Structures are given as C-alpha cells and as structure tokens.
Amino acid sequence: MENSGPAPTWRFKGNEELTQASAITVRGVLNMLMDNLDPNDTRPVIPLGHGDPSAFPSFRTTLLAEDAVCAAVRSGGFNGYSSTVGIPPARRAVAEYLSKDLPYELSPDDVFLTIGCTQALEVILTVVTRPGANILLPRPGFPYYEARAGFSHLEARHFDLLPEKDWEVDLESVEALSDENTVAIVIINPGNPCGNVYKYEHLKKVAEKARKLGIFVIADEVYDHLTFGSNPFVPMGVFGSIAPVVTVGSISKRWIVPGWRLGWLVTNDPHGVLMKQGIVESIKGYLNITSDPATFMQGAIPQILKNTPNDFHLKIVNVLGESAEICYNRIEDIPCITCPSKPEGSMFVMAKLNLSLLEGINDDLDFCCKLAKEESVIVLPGVAVGLKNWLRITFAIEPSSLDDGLGRIKAFYTRHAKKQ
C-alpha cells in the first residue's frame, strides 16, 4: 500500500569509510581485471594473480584432512557453540604444532582461534588502535593491512623492502618512521607478495629494532614452511624473548584449504609483556564480541596438525619449487619484466615492469587490463600491493598452465614492444 503523505527525510546512509577502506584490495582488483576479459576468446583463462591454488589437481589437500573434518561433523560432538577463544583441544594442538619450531613451549592459553588468518589480522589491528597510534607496514605488502588500519583509524606508515637485498626490511627507515605513538611492526614471512624467505640473522635484527623502539612484532606466517630455496623457514616467535611477537597464521596455505577458514592468533611472549600491557585481555575482549570459527573445524584441527603425513607437505613444496623455477626462467625471457631475485617461498614473485620498452601502456594497471583483454591472462598489478609499475605473479598453478600463461605474456610484449 502506497503512502501518499510527504516524503520522509531518511536519517540513515551507508558507511563511506567502508567503501574507502575496500577501494584497493586484491579481490577488488582481480574482479575488475576479470571484467576486462574478452568473452569471445575461447582459450582458458590463466589465473596468475590469485592466492588460492585449491582448484588445481596438483594442489588437492590431503585425504586425512578431509576425513578429519567429516569425522568431526559425524561425531555429533561439535554442533554447539565454541568458547570465544577456541575449544581447548584445538588450542592445545596449535600450541604443540607451533612449539616444534621454537626454543620454548607455547601454552594453549597463548593461542586464540580465528576465522582464518584474515580475522586474526582484524583482531590484532583493532586491539592496538588508540587515538594517534600508528603501525609500521611493509611496502610492498598485503593490502588488507592498509584497509583494516584505515577503517580502524590506525595510521599506517610504510617501510620499504629492498629488492636488491632479497626484499630485506630497510631497518634504517623503520627507525626513522617510528615515534612515541608507534605500536607495532608487521613482518610477512615467507613473503607475500615477494616470495622471499628471511634469514635468521635478519629476523633477529628486526626483533632487536622492535625492542629498541618499544614495539611488538606482528608476524604474518600464513605461508609457514612453504619454502623451497636455500633459506629455511624461521618463525619470528624464536625471538619472542627479545621483543614480544604476535603470530598470525592458518591452515589455509600449507594445507591448501583457504575456504575452510581456520586460523589463529598466538602470543610468543616468554616475559609476559603483552599480558602486562593489556594486549591479551583486549584480544579476549574483541573475541567476546565477534564470531568464532566453525566448531567442527576446530574439532578436526588436532587430527590435521598432528597426523598429516610429511609426504603431503613435501609434495606441495616440490610442486611450488618446480613452478617457481619455471616462472623465474620464463620471466627472464620476457624483456619488459625482470625479477630482482628468485622466489624461495610462498606462492608469488614480484617482477619489475619496464614501461620504456612498451608502446601504448601507461602503467602496471593498464598493462594488466590489456593483458586480460588480449591474452586472457590475469596478473595482479603492483599498485594493488603498494609498488607501482611492478607485477605480482603467482606460480601456484599447474606447471603446464603457468608455462602457457607466461608464453602469452611474452606474446603480449611482442605485440606492444616499442619500435626501435
């Protein structure tokens, strides 16, 4: 029934800060690139911009993990609500899993379960937010940090990663950027988007710098143990006695199940600094007012973490290593893009775009839009991860498809090469 009276003055409207915070996200940019695909191109789309290889046969998760989830559902023991911090057996399993690589034992009380690593980031960035506070973020980096910090009114200050030094942290810039309002520094290792793996000595220097500045380290280790170069994975928590470390991670990448949404936030803090400063209580407080990961997933975690055969992990690492080698070698054969160093971990590599060799290409975003349209290849422009006129290329894909995709990029270069 229509109302014939005067039109009301509506008092509600959308939250503009949400729109601003999500303006540049990996998903948003990839969706925009997909819109540029030519519907008449019958070739398969080659997705070299994603971080989810689960659709490819070589990256199928282990049967044990699938069975563990099914068993948890069928048991009938995980149909109710969970504790807001996670059920005790799951917290204990994560503590034991992470303690294997540490010089001390984590307690289940150090572990807080989250809906994937993304919620863990949301929790810790919200916890440290206060008027005037700022956080130090890597450039290039994972743009969710900027989006979440902006929405929380937490100032983001960017330190550079040095491509000529295998993407090490520019420690001098870290100190120059910090002040009395700096609360934390984010370290992503193995690196997204750079594919680097930090050495023990460099991570120790980061911890020492954090201690000097009176801040803690947020260690994003969602790609833990996905390494295939000369540097082994070293968790930042090893240095928790130098400066407090909050580790965020999940089963998403190592087990190739990002859709299962089971992650964790862990305090590596032998001296109890985070407890004394109220961070732990704030984490609990935040979790009291948000959602929990599915209880049946928590029920499956002990079996997944304790009993997955090492052969599965070796297979995934070997496939990634083979694909990284193909990616690096094929890029060397494309004159307009160069890699400063061979990737040694995660699923990505950063390649510098030389626009002077190209005709009619304005920048990295233009390059990626036209590449999608002309070659049905999706590559993430560097601007989406904070480094303009670079490209983030994923090699977490079937080797044959990767080879095809890089061949199409070379054909794209040949077509757009500047006439000499």
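Helices here are DSSP runs of H or I with at least four residues, strands are runs of E with at least two, and both are numbered from the N terminus. In an unreviewed UniProt entry, residues 45-409 carry the annotation "domain: Aminotransferase class I/classII large"; UniProt positions are given in the numbering used here, feature names are shortened, and such annotations may be inferred rather than shown by experiment. Keep in mind that this is a predicted model, where local features need pLDDT of at least 70, side-chain atom pairs count only at pLDDT 80 or more, and totals for chains, interfaces and linings use all residues. Residues are numbered from 1 along each chain as its sequence is written, and side-chain values use heavy atoms, with hydrogens and water left out.

Now look for the sheet of eight strands. It is open, with mixed pairing, and its order is β2-β9-β8-β7-β6-β3-β4-β5. Two strands count as paired if DSSP finds at least two bridges between them. At the edges you'll find β2 (111-114) and β5 (168-169), each pairing on one side only. Helix α10 (residues 279-288) packs on this sheet and touches β2 and β9 (263-268), with a direction about 25 degrees from that of β2. Contact means heavy atoms within 4.5 Å. Within the sheet, strand β6 (residues 182-188) runs parallel to strand β7 (residues 216-220), and five bridges join them. I187 stands opposite A219 in β7.

Next comes an open sheet of four strands, with antiparallel pairing and the order β10-β11-β14-β13. Its edges are β10 (337-338) and β13 (380-381); each has a single partner strand, so one side of each is left without a neighbour in the sheet. Strands β11 (residues 348-353) and β14 (residues 390-394) run antiparallel and are joined by five bridges. Here A351 stands opposite L391 in β14.

On to the helix pairs. The axes of α12 (residues 310-332) and α14 (residues 399-416) come within 10 Å and cross at roughly 15 degrees. That makes α12 roughly parallel to α14. For these labels, angles under 35 degrees count as roughly parallel, over 145 as roughly antiparallel, 65 to 115 as roughly perpendicular, and the rest as oblique. The axes are lines fitted to C-alpha atoms, for helices over the stretch in contact, and angles run from 0 to 180 degrees between N-to-C directions. On the α12 side, E322, S323, I326, C327, R330 and I331 meet P399, L402, D403, L406 and G407 in α14. That contact has six nonpolar, two polar and three charged residues. Ala, Val, Leu, Ile, Met, Phe, Trp, Tyr, Cys and Pro count as nonpolar, Asp, Glu, Lys and Arg as charged, and the others, Gly among them, as polar.

How do α3 (residues 63-75) and α11 (residues 295-307) cross? Their axes come within 8 Å, at an angle of roughly 145 degrees. Among the α3 residues that meet α11 are L64, A65 and A68, while the α11 side includes F296, M297 and G299. The contact of α3 with α11 divides into 10 nonpolar, three polar and no charged residues.

Then there are α5 (residues 116-127) and α6 (residues 144-151), whose axes come within 10 Å and cross at roughly 40 degrees. The two helices α5 and α6 are therefore oblique to each other. T118, L121, E122, L125 and T126 in α5 meet Y144, Y145, R148 and A149 in α6. By class, the contact of α5 with α6 has five nonpolar, two polar and two charged residues.

Most residues other than glycine have a negative phi, and most peptide bonds are trans. The bond from R139 to P140, though, is cis, with omega near 5 degrees, and P140 lies in the loop between β3 (134-139) and α6. Another cis bond runs from N189 to P190, with omega near -10 degrees; P190 is in the loop between β6 and α8 (200-213). S346 is not a glycine, yet has a positive phi of about 60 degrees. You'll find S346 in the loop between β10 and β11.
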